[in-house]
Amino acid sequence: MQQGFPEGFLWGGAIAANQAEGAFDADGKGLSTADMVPYFKKKDYTNLKELMHVTSGSIERAMRHNSAEGYPKRYGIDFYHRFKEDIALFGELGFKVFRMSINWARIFPNGDDAEPNEKGLQFYDAMFDEMRKFNIEPLVTLSHYEMPMSLVLKYGGWKNRKVISFYEKYAKTVMTRYRDKVKYWLTFNEINTTVIEPFTGGGVVEDTVENIREASYQALHHQFVASSLATRNARKINPGFRIGCMLARMIHYPATSSPEDVLQAQIDNQLNLMHTDVQARGSYPPFMKRYFAENNIQLATEPGDAELLREHTVDFISFSYYTSLISTVNPEQYGVTGGNLFSTVKNPNLEITEWGWQLDPVGLRIVLKELYDRYRLPLFVVENGLGAKDKVEEDGSIIDDYRIDYLRKHITQVREAVADGVEVMGYTSWGAIDIISASTSEMSKRYGVIYVDQDDEGNGTLARMKKKSFYWYKKVIASNGSDLE
Ligand code: BG6
């Protein structure tokens, strides 16, 4: 039995370009889907529509709005200009890996450009070079909740098959350019978001389509094909690359032991795991036929798609885990609580965070065991963390014991899963540094072990400060996870 974490375990942190970089129009970058999301004060965190708030009308307004004001993802935490300082802090933490994403619209501003934007490519060159100074391995997500906005306006986003070739070209361009600098790649962040929040995941604007569910699954199918093509090309570019898929694992427990609830939980889990089934096993699972038929979804596929999916499956499975969910056939009997892109009925056994997420560290062990049983591929926990408000004390300290507690409990469960025999490659806590929230665009929903002085309206010095959790996580990494106290 493996005691503790294996040697070479990849400890680190994760962020996404669209939530951190800012500099939304610098050095030739085009507008991306994330630049369309305004900030507005939220009242109800269980209402998904209100949270994301992107419609044809809001896009029109955003396209006319030339500044970053009121659109937090346009300014992020100015990582674009401060990445050296931030990577030095990651170096101090002892990170072995840093998960970040390339902003597609920095490389191909319109998505369908003939040539890439050299300045955009240089920016990531500089970032990878900086990481190398600290022996930090990059883990690169090719598309994390953004795509060039002009692919949405001109082609309708991922529901249009043409987008596959633009993505393929983009992936080829960056994989070739960074062939010797990057080894680990993820093709899409939380690919299942495309069917949950189609604009965020797939650039599909709900009020422009007749059957949103059909359009979302169509977009998803195109992403599956694009991911396979990128995987195929990656292996030619550098056979040493390791390519992963990325799922927001939403494990569903039945609300009761009634067979109806258990069946409902099974269906909800199958619908979540179908994404990794396609990307790791190489085909749609049989139950999807019935799901498509019953939901009026006619998927347009092309000859050769099935073969591509079958032949170019991933090397490892990565996933995010924040919480567990509940399934029931009688939802009206229970209260509802939120998350970011989803809501669920409440689990009476779990506490919830200020933003409604249910705290369930044991669920992470269950997920790791279940994924390994199902796929027998190495697993990578690429997102896990606690969004909370932090207070800066008069002496400048930030005592975030709640975050330490969250991380400790979850990392303990990863260690247990390793002892259960699960092959886990690494763990990157979400929001290593405070960034703009994906769902609410708030700054005050902080995940980092590094504090950033900025409020929800974008005021602040942007100074970086080490939280108590910074010192704790540093110790965890230095001891390869054996010191979690
Ligand atoms: C994941 C996303 O779903 O959750 C991240 O991949 C996101 O981009 C994270 O930031 C936390 O969600 P939120 O909405 O609290 O930022």
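Author: A polar contact is a pair of N or O atoms within 3.5 Å; between two protein atoms, one must be able to donate a hydrogen and the other to accept it. The model discussed here is predicted.

Let us begin with N238, which is located in the loop between α12 and β5 (242-248). A polar atom of the N238 side chain lies 3.1 Å from the backbone oxygen of R179. The side chain of N238 also has a polar atom 2.7 Å from the backbone nitrogen of G240.

Helix α12 (residues 212-237) packs with helix α9 (residues 162-177) at an angle of about 30°, and their axes are 9 Å apart. Because angles under 35 degrees count as roughly parallel, α9 is described as roughly parallel to α12. The crossing of these two helices, α9 and α12, is right-handed.

An N or O atom in the side chain of S439 is 2.5 Å from a ligand oxygen atom, while the corresponding distance for H144 is 2.8 Å. For S437, a polar side-chain atom lies 3.2 Å from an oxygen atom of the ligand. On its own the ligand has 380 Å² of accessible area, of which the protein covers 99%. The ligand is surrounded by 15 residues, the closest being Q19, E190, S439, K445 and Y447. This shell comprises 6 nonpolar, 6 polar and 3 charged residues.

Technical notes. Residues numbered from 1 in each chain as written. Predicted model: local features only at pLDDT ≥ 70, side-chain atom pairs only at ≥ 80, totals over all residues. Heavy atoms only, no water. Near = heavy atom within 4 Å. Areas by Shrake-Rupley, 256 points an atom, 1.4 Å probe, with all protein chains shown as cover. Nonpolar A, V, L, I, M, F, W, Y, C, P; charged D, E, K, R; others polar. Axes fitted to C-alpha atoms, helices over the stretch in contact; angles between N-to-C directions. Helix = DSSP H or I, 4+ residues; strand = E, 2+ residues; numbered from the N terminus. Parallel < 35°, antiparallel > 145°, perpendicular 65-115°, else oblique. Left-handed = near helix turned anticlockwise from the far one by under 90°.
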